[in-house]
Amino acid sequence: MLKFRIWNVVKGCLAAGLVITAGCSKKPDAAGPGGISGKITISGAWALYPMVVKWADEFKKTHPGVVIDISAGGAGKGMADALSKTADLGMVSRAINPVELARGAWHVSVVKDAVVPTINSANPLANAILKRGLTRDEFAAIWVKNSLLRWDSLVAGSTQELPIHAYTRSDACGAAETWALYLGGNQQDLKAVGVYGDPGLAEAVRKDPLGIGYNNINFVYDSKTKLPVEGLKIIPLDINGNRLVDQEESFYANLDDLIKAIGDGRYPSPPARDLHLVSCGRPESPAVREFLRWILSDGQKSVLDAGYIGLPREQLDEQMKKLDAGQ
């Protein structure tokens, strides 16, 4: 997985219309095992992007005849590209809605992750905020109702008047939709300064000592150290509403602890969610079907190391049957 510090470079490339090609090949190589060759185009959710890049690199090792082009741009773009057949697969980090299903959206769930709220580590009241956490109603008061406007109002005895600078995503995306769903609304209900993309939103909070945002977990934690990236802290969810982060609510110090909490349900869904790969109808391309089949089997070996949470074996088996239906 790419390190956080190069995400701005990646974002710039994507904004310029470039894509990452697994194996850096311009043309398909000789067909690999089973004679599979061809090109797969994938676009969409930032949440799934690092995982799919990892999968594509690993898949290429045993299927050198397949070229995979991957670009990020939000779940909305992934769905639109899949339904218009501009891309073979769309990366989507939210539930597939009935309108999309009616238009022919077909999907398999491939992995799980979560959205977490973030604060700038230089916030003068950061230590107190991290010790108390915020309730869902308090998060909703910041993003939806715009009735919670100052950090000092959250900390008893604080004499500093510190305004809250809230940020949200400007692009149609699963992270915003999932965070809004946790707060009881939809993405359009989030009232804050809009910023494009996961990297952009993380960077906006990193640059603003009074900022608050939310990100997919792989844009908040360093993939090597498993610690929060420099300049960011994760605001704990005060799930029981006692204005104190209890031991059972304290699992944000490193990525491994958070992944475990997501896996066993201590971190709620939403903002945890399944991630999907979508196409317009069940894929007909042998290369696409083989890639999906590999993701649901051998590809799962890379999930934990990449900072994601694997789906239960029963759920993966259901996705495999869905892929093979009609063959």
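**Figure 1. Leu296 and the residues it touches.** Leu296 touches Ser109, Val110, Arg313, Leu316, Gln319 and Met320, leaving aside residues up to four places away in sequence. Touching, or contact, means heavy atoms within 4.5 Å. This is a predicted model, in which local features need pLDDT of at least 70, side-chain atom pairs count only at pLDDT 80 or more, and totals for chains, interfaces and linings use all residues. Residues are numbered from 1 along each chain as its sequence is written, and side-chain values use heavy atoms, with hydrogens and water left out. Leu296 sits in the loop between H10 and H11. Helices (H or I, at least four residues) and strands (E, at least two) are DSSP runs, numbered from the N terminus. Leu296 has a relative accessible area of 0%, so Leu296 is buried. Buried means under 20% relative accessible area, exposed over 50%, and partly exposed in between (1.4 Å probe, protein chains only). Leu296 and Val110 are 186 residues apart in sequence. In space, their C-alpha atoms are 6.5 Å apart.

**Figure 2. Gln300 in the loop between H10 and H11.** Is Gln300 buried or exposed? Its relative accessibility is 15%, so Gln300 counts as buried. Gln300 touches Trp55, Val110, Ile295, Gly310, Leu311 and Leu316. Residues up to four places away in sequence are not counted here.

**Figure 3. Helix H11, residues 313-324.** H11 has 12 residues. The expected span of a helix is 1.5 Å times one less than its number of residues. For H11 that gives 16 Å, and the end C-alpha atoms are 16 Å apart, which agrees. Which residues of H11 are buried? They are Gln315, Leu316, Gln319, Met320 and Leu323. These residues cover an arc of only 145 degrees around the axis, so they lie on the same side of H11. The arc is that of the directions from the helix axis to the C-beta atoms. On the other side of H11, Glu314, Glu318 and Lys321 are exposed. The cover over the buried residues of H11 includes strand E5 (105-120), strand E10 (272-280) and helix H10 (286-295).

**Figure 4. H10 packed with H11.** The two helices pack at an angle of about 165 degrees. Their axes are 10 Å apart. Axes are lines fitted to C-alpha atoms, for helices over the stretch in contact, and angles run from 0 to 180 degrees between N-to-C directions. H10 and H11 are therefore roughly antiparallel to each other. Angles under 35 degrees count as roughly parallel, over 145 as roughly antiparallel, 65 to 115 as roughly perpendicular, and the rest as oblique. Where do the helices meet? Arg289, Leu292 and Arg293 in H10 meet Met320, Leu323 and Asp324 in H11.

**Figure 5. Lys60 in helix H2, residues 49-62.** Lys60 has a relative accessible area of 11%, so Lys60 is buried. Lys60 and Phe291 are 231 residues apart in sequence. C-alpha to C-alpha, Lys60 and Phe291 are 9.7 Å apart in space.

**Figure 6. Helix H8, residues 197-207, is mostly covered.** How many of its 11 residues are buried? Nine are. The buried residues of H8 include Gly197, Pro199, Leu201 and Val205. Asp198 and Glu203 are also among them. Across the chain, 56% of the 327 residues count as buried.
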